[in-house]
Amino acid sequence: MPKKVERKLTKFSDIYGKVSSLSGKVISLTNDVIDVEFPKNKTPQIGTILISDTDAILSVEAILDSSIVRTVVISQNTNIALGEKVSSTGKPLQAPVGEEVLGRLFNVFGQPIDGKELSKKQKFQNVEIVRKSGRKEFILKDKKVVTGIKVIDFFLPILEGDKMGMFGGAGVGKTLVVKEIINNLTTRKQNANSIFVGIGERSREGEELYRELYESNLIDKVALVFAQMNDTPSARMKVIYSALTMAE
(Lines give C-alpha, C1' and ligand atoms only; values in the text may rest on other atoms or scores of the structure.)
Protein backbone atom coordinates (compact mmCIF):
# COMPACT_ATOMS: atom_id res chain seq x y z
CA MET A 1 0.00 0.00 0.00
CA PRO A 2 1.34 3.48 -0.79
CA LYS A 3 1.93 5.81 2.11
CA LYS A 4 -0.67 8.42 2.92
CA VAL A 5 -0.15 11.35 0.57
CA GLU A 6 0.55 14.74 2.13
CA ARG A 7 -0.27 17.69 -0.11
CA LYS A 8 3.13 19.41 -0.09
CA LEU A 9 3.12 21.42 -3.28
CA THR A 10 6.22 22.38 -5.20
CA LYS A 11 6.57 26.15 -5.01
CA PHE A 12 4.81 28.02 -7.81
CA SER A 13 8.01 29.99 -8.48
CA ASP A 14 9.99 26.76 -9.00
CA ILE A 15 7.97 26.18 -12.18
CA TYR A 16 7.04 29.68 -13.36
CA GLY A 17 10.11 31.55 -12.13
CA LYS A 18 10.13 35.03 -10.67
CA VAL A 19 7.41 37.43 -11.74
CA SER A 20 8.33 40.01 -14.36
CA SER A 21 8.46 43.74 -13.77
CA LEU A 22 5.14 44.13 -15.59
CA SER A 23 2.33 44.66 -13.09
CA GLY A 24 -1.16 46.10 -12.94
CA LYS A 25 -4.02 46.58 -10.51
CA VAL A 26 -7.46 45.04 -10.09
CA ILE A 27 -10.22 47.40 -11.24
CA SER A 28 -13.24 45.08 -11.38
CA LEU A 29 -14.42 41.93 -9.59
CA THR A 30 -17.31 39.70 -10.68
CA ASN A 31 -17.10 36.33 -8.95
CA ASP A 32 -14.05 34.62 -10.53
CA VAL A 33 -13.81 37.14 -13.40
CA ILE A 34 -11.25 39.87 -12.72
CA ASP A 35 -10.40 42.92 -14.85
CA VAL A 36 -6.83 44.16 -14.46
CA GLU A 37 -5.42 47.47 -15.68
CA PHE A 38 -1.81 47.60 -16.92
CA PRO A 39 0.29 50.46 -18.32
CA LYS A 40 -0.99 51.52 -21.75
CA ASN A 41 0.09 49.26 -24.64
CA LYS A 42 1.83 46.85 -22.24
CA THR A 43 -0.91 44.31 -21.62
CA PRO A 44 0.20 40.65 -21.29
CA GLN A 45 -0.80 38.20 -24.00
CA ILE A 46 -3.89 36.00 -23.80
CA GLY A 47 -3.10 32.88 -21.79
CA THR A 48 -0.44 34.55 -19.63
CA ILE A 49 -0.49 33.54 -15.97
CA LEU A 50 -0.69 36.37 -13.43
CA ILE A 51 -0.26 36.27 -9.66
CA SER A 52 -1.69 38.71 -7.13
CA ASP A 53 -0.12 40.01 -3.93
CA THR A 54 -2.35 37.56 -2.02
CA ASP A 55 -1.08 34.65 -4.19
CA ALA A 56 -4.29 34.26 -6.21
CA ILE A 57 -3.41 32.90 -9.67
CA LEU A 58 -5.15 34.34 -12.73
CA SER A 59 -5.16 33.62 -16.45
CA VAL A 60 -5.58 36.31 -19.10
CA GLU A 61 -8.63 35.43 -21.21
CA ALA A 62 -9.27 38.61 -23.22
CA ILE A 63 -7.70 41.99 -23.99
CA LEU A 64 -10.43 44.63 -23.62
CA ASP A 65 -8.40 47.65 -24.76
CA SER A 66 -4.84 48.97 -24.81
CA SER A 67 -4.51 48.77 -21.02
CA ILE A 68 -7.19 46.43 -19.59
CA VAL A 69 -7.32 42.63 -19.66
CA ARG A 70 -10.05 40.28 -18.47
CA THR A 71 -8.86 37.33 -16.41
CA VAL A 72 -10.28 34.36 -14.53
CA VAL A 73 -9.10 32.96 -11.21
CA ILE A 74 -7.60 29.47 -11.54
CA SER A 75 -6.30 28.90 -8.01
CA GLN A 76 -8.39 27.71 -5.09
CA ASN A 77 -7.31 30.92 -3.38
CA THR A 78 -9.79 33.52 -4.65
CA ASN A 79 -8.96 36.10 -1.98
CA ILE A 80 -8.40 39.19 -4.10
CA ALA A 81 -9.48 42.81 -3.65
CA LEU A 82 -10.03 45.94 -5.73
CA GLY A 83 -6.84 47.90 -6.23
CA GLU A 84 -4.65 44.88 -5.47
CA LYS A 85 -1.38 44.59 -7.35
CA VAL A 86 -1.17 41.80 -9.95
CA SER A 87 2.12 40.77 -11.56
CA SER A 88 2.76 38.90 -14.80
CA THR A 89 4.81 35.70 -14.90
CA GLY A 90 5.32 36.16 -18.64
CA LYS A 91 4.39 32.50 -19.16
CA PRO A 92 1.24 30.52 -19.99
CA LEU A 93 0.25 27.41 -18.03
CA GLN A 94 3.10 24.92 -17.80
CA ALA A 95 2.72 21.15 -18.14
CA PRO A 96 5.36 18.60 -17.11
CA VAL A 97 6.39 16.36 -20.00
CA GLY A 98 8.57 13.32 -20.61
CA GLU A 99 8.97 9.95 -18.94
CA GLU A 100 9.38 11.60 -15.52
CA VAL A 101 5.60 12.21 -15.33
CA LEU A 102 4.79 8.49 -15.22
CA GLY A 103 3.64 7.32 -11.82
CA ARG A 104 3.01 10.91 -10.68
CA LEU A 105 -0.02 13.05 -9.83
CA PHE A 106 -0.24 16.70 -10.91
CA ASN A 107 -2.60 19.65 -10.67
CA VAL A 108 -3.52 22.12 -13.41
CA PHE A 109 -0.38 24.22 -12.74
CA GLY A 110 1.98 21.28 -13.24
CA GLN A 111 2.69 20.97 -9.52
CA PRO A 112 2.97 17.40 -8.18
CA ILE A 113 0.30 16.59 -5.58
CA ASP A 114 1.59 13.16 -4.55
CA GLY A 115 3.86 14.44 -1.78
CA LYS A 116 7.04 13.82 -3.81
CA GLU A 117 9.50 16.35 -5.14
CA LEU A 118 9.90 17.11 -8.82
CA SER A 119 12.61 15.19 -10.63
CA LYS A 120 15.67 17.30 -11.41
CA LYS A 121 15.32 16.08 -15.01
CA GLN A 122 11.69 17.21 -15.23
CA LYS A 123 10.98 19.38 -18.27
CA PHE A 124 8.00 21.67 -18.79
CA GLN A 125 6.18 22.80 -21.90
CA ASN A 126 3.78 25.64 -22.59
CA VAL A 127 0.12 24.63 -22.55
CA GLU A 128 -1.50 25.95 -25.71
CA ILE A 129 -5.24 26.53 -25.52
CA VAL A 130 -6.43 26.81 -29.11
CA ARG A 131 -9.20 29.31 -29.73
CA LYS A 132 -10.56 28.87 -33.24
CA SER A 133 -14.00 29.54 -34.63
CA GLY A 134 -15.84 27.12 -36.86
CA ARG A 135 -15.50 23.36 -37.17
CA LYS A 136 -12.68 21.35 -38.62
CA GLU A 137 -13.22 17.89 -40.05
CA PHE A 138 -11.10 15.30 -38.30
CA ILE A 139 -10.08 12.18 -40.20
CA LEU A 140 -9.71 9.08 -38.04
CA LYS A 141 -7.05 6.49 -38.70
CA ASP A 142 -8.37 3.16 -39.96
CA LYS A 143 -6.78 1.31 -37.06
CA LYS A 144 -8.56 -0.09 -34.05
CA VAL A 145 -7.38 0.29 -30.48
CA VAL A 146 -7.77 -3.17 -28.97
CA THR A 147 -8.94 -2.62 -25.40
CA GLY A 148 -9.13 -6.33 -24.60
CA ILE A 149 -12.72 -5.90 -23.40
CA LYS A 150 -14.82 -7.93 -25.84
CA VAL A 151 -18.08 -6.02 -25.47
CA ILE A 152 -16.27 -2.78 -26.41
CA ASP A 153 -14.04 -4.21 -29.16
CA PHE A 154 -16.96 -6.01 -30.85
CA PHE A 155 -19.94 -3.69 -30.41
CA LEU A 156 -18.20 -0.30 -30.10
CA PRO A 157 -14.64 -0.51 -31.47
CA ILE A 158 -12.44 2.53 -30.87
CA LEU A 159 -10.29 3.91 -33.68
CA GLU A 160 -7.00 5.68 -33.05
CA GLY A 161 -7.77 9.34 -32.46
CA ASP A 162 -11.39 8.58 -31.58
CA LYS A 163 -13.29 9.44 -28.40
CA MET A 164 -15.61 7.30 -26.32
CA GLY A 165 -17.99 8.26 -23.54
CA MET A 166 -18.74 5.97 -20.62
CA PHE A 167 -21.68 6.85 -18.40
CA GLY A 168 -22.85 5.30 -15.17
CA GLY A 169 -23.76 5.99 -11.58
CA ALA A 170 -21.48 5.75 -8.57
CA GLY A 171 -20.11 2.30 -7.80
CA VAL A 172 -21.08 0.55 -11.05
CA GLY A 173 -17.50 -0.08 -12.24
CA LYS A 174 -16.39 2.84 -14.44
CA THR A 175 -13.00 3.04 -12.76
CA LEU A 176 -12.61 -0.73 -13.03
CA VAL A 177 -13.16 -0.56 -16.81
CA VAL A 178 -10.64 2.30 -17.15
CA LYS A 179 -8.10 0.36 -15.09
CA GLU A 180 -8.66 -2.77 -17.21
CA ILE A 181 -8.15 -0.79 -20.44
CA ILE A 182 -4.91 0.70 -19.06
CA ASN A 183 -3.74 -2.78 -18.05
CA ASN A 184 -4.54 -4.30 -21.46
CA LEU A 185 -2.92 -1.47 -23.42
CA THR A 186 0.18 -1.77 -21.24
CA THR A 187 0.53 -5.53 -21.69
CA ARG A 188 -0.52 -5.75 -25.36
CA LYS A 189 1.46 -2.81 -26.77
CA GLN A 190 5.08 -2.11 -25.96
CA ASN A 191 5.69 1.30 -24.35
CA ALA A 192 1.95 2.06 -24.20
CA ASN A 193 1.50 4.73 -21.53
CA SER A 194 -1.70 6.43 -20.37
CA ILE A 195 -2.72 9.88 -19.17
CA PHE A 196 -5.70 10.01 -16.80
CA VAL A 197 -7.31 13.40 -16.25
CA GLY A 198 -9.85 13.82 -13.46
CA ILE A 199 -12.19 16.77 -13.94
CA GLY A 200 -14.52 17.75 -11.11
CA GLU A 201 -14.10 14.47 -9.26
CA ARG A 202 -14.37 14.02 -5.51
CA SER A 203 -11.03 13.94 -3.72
CA ARG A 204 -11.59 10.37 -2.52
CA GLU A 205 -12.16 9.15 -6.10
CA GLY A 206 -8.74 10.32 -7.23
CA GLU A 207 -7.09 8.84 -4.15
CA GLU A 208 -8.88 5.51 -4.65
CA LEU A 209 -7.84 5.34 -8.32
CA TYR A 210 -4.22 6.03 -7.39
CA ARG A 211 -4.24 3.23 -4.82
CA GLU A 212 -5.91 0.78 -7.21
CA LEU A 213 -3.33 1.52 -9.93
CA TYR A 214 -0.55 1.17 -7.35
CA GLU A 215 -1.83 -2.17 -6.07
CA SER A 216 -2.25 -3.44 -9.66
CA ASN A 217 1.36 -2.47 -10.54
CA LEU A 218 0.06 -0.12 -13.24
CA ILE A 219 1.02 3.21 -11.68
CA ASP A 220 4.42 3.37 -13.45
CA LYS A 221 2.63 3.41 -16.82
CA VAL A 222 0.20 6.20 -15.96
CA ALA A 223 0.35 9.92 -15.27
CA LEU A 224 -2.63 11.45 -13.46
CA VAL A 225 -3.76 15.07 -13.65
CA PHE A 226 -6.57 16.41 -11.47
CA ALA A 227 -8.76 19.48 -11.11
CA GLN A 228 -11.28 18.29 -8.57
CA MET A 229 -14.67 19.54 -7.51
CA ASN A 230 -13.16 21.96 -4.97
CA ASP A 231 -11.13 23.65 -7.73
CA THR A 232 -12.45 26.64 -9.66
CA PRO A 233 -14.48 26.15 -12.87
CA SER A 234 -11.65 27.67 -14.92
CA ALA A 235 -9.14 25.18 -13.45
CA ARG A 236 -11.45 22.29 -14.33
CA MET A 237 -11.79 23.65 -17.86
CA LYS A 238 -8.05 24.14 -18.42
CA VAL A 239 -6.77 20.90 -16.89
CA ILE A 240 -7.75 18.94 -20.00
CA TYR A 241 -5.31 21.06 -22.04
CA SER A 242 -2.56 20.33 -19.52
CA ALA A 243 -3.24 16.61 -19.88
CA LEU A 244 -3.29 16.82 -23.69
CA THR A 245 0.07 18.63 -23.65
CA MET A 246 1.52 15.85 -21.50
CA ALA A 247 0.09 13.19 -23.83
CA GLU A 248 1.38 14.83 -27.00
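In which sense do β4 and strand β5 pair, and over how many bridges?

Solution. The model is a predicted one. In it, strand β5 covers residues 68–73 and pairs with β4 in the antiparallel sense, over five bridges. Within this pairing, L58 stands opposite V73 in β5.

**Exercise 1.** Describe how strand β3 is joined to β4.

Solution. Begin with the pairing: strand β3, residues 49–52, runs antiparallel to β4, and three bridges connect them. Next, take a facing pair of residues: I49 has S59 of β4 opposite. Finally, consider the turn: β3 and β4 form a hairpin with four residues between them, and D55 in this turn has a positive phi of about 70°.

**Exercise 2.** Explain why strand β4 is described as largely enclosed by the rest of the structure.

Solution. Strand β4 consists of seven residues, 57–63. A residue is buried when its relative accessible area is under 20%. Five of the seven residues of β4 are buried, and therefore the strand is largely enclosed by the rest of the structure.

**Exercise 3.** Classify the ring pair F12 and Y16, and state whether each residue is buried or exposed.

Solution. The structure holds five aromatic pairs. For F12 and Y16, the ring centres are 4.3 Å apart and the planes stand at 10°. Planes under 30 degrees apart count as stacked, so the pair F12 and Y16 is stacked. Both residues belong to helix α1 (residues 12–16); because they are four residues apart there, about one helical turn separates them. As for accessibility, F12 has a relative value of 14% and counts as buried. Y16 is also buried, with a relative accessible area of 1%.

**Exercise 4.** Classify the ring pair F12 and F109, and determine which parts of the chain this pair ties together.

Solution. The ring centres of F12 and F109 lie 6.1 Å apart, with the planes at 80°. An angle over 60 degrees counts as edge-to-face, so F12 and F109 form an edge-to-face pair. F12 is located in helix α1, whereas F109 lies in the loop between β8 (105–106) and β9 (123–126); the pair therefore ties together parts that are 97 residues apart in sequence. F12 and F109 are both buried. To complete the picture, F12, Y16 and F109 form one aromatic cluster.

Terms used. Residues numbered from 1 in each chain as written. Predicted model: local features only at pLDDT ≥ 70, side-chain atom pairs only at ≥ 80, totals over all residues. Heavy atoms only, no water. Phe/Tyr/Trp six-rings, centres within 6.5 Å; stacked < 30°, edge-to-face > 60°. Helix = DSSP H or I, 4+ residues; strand = E, 2+ residues; numbered from the N terminus. Buried < 20%, exposed > 50% of the residue type's maximum accessible area, 1.4 Å probe, protein only. Pairing = 2+ DSSP bridges.
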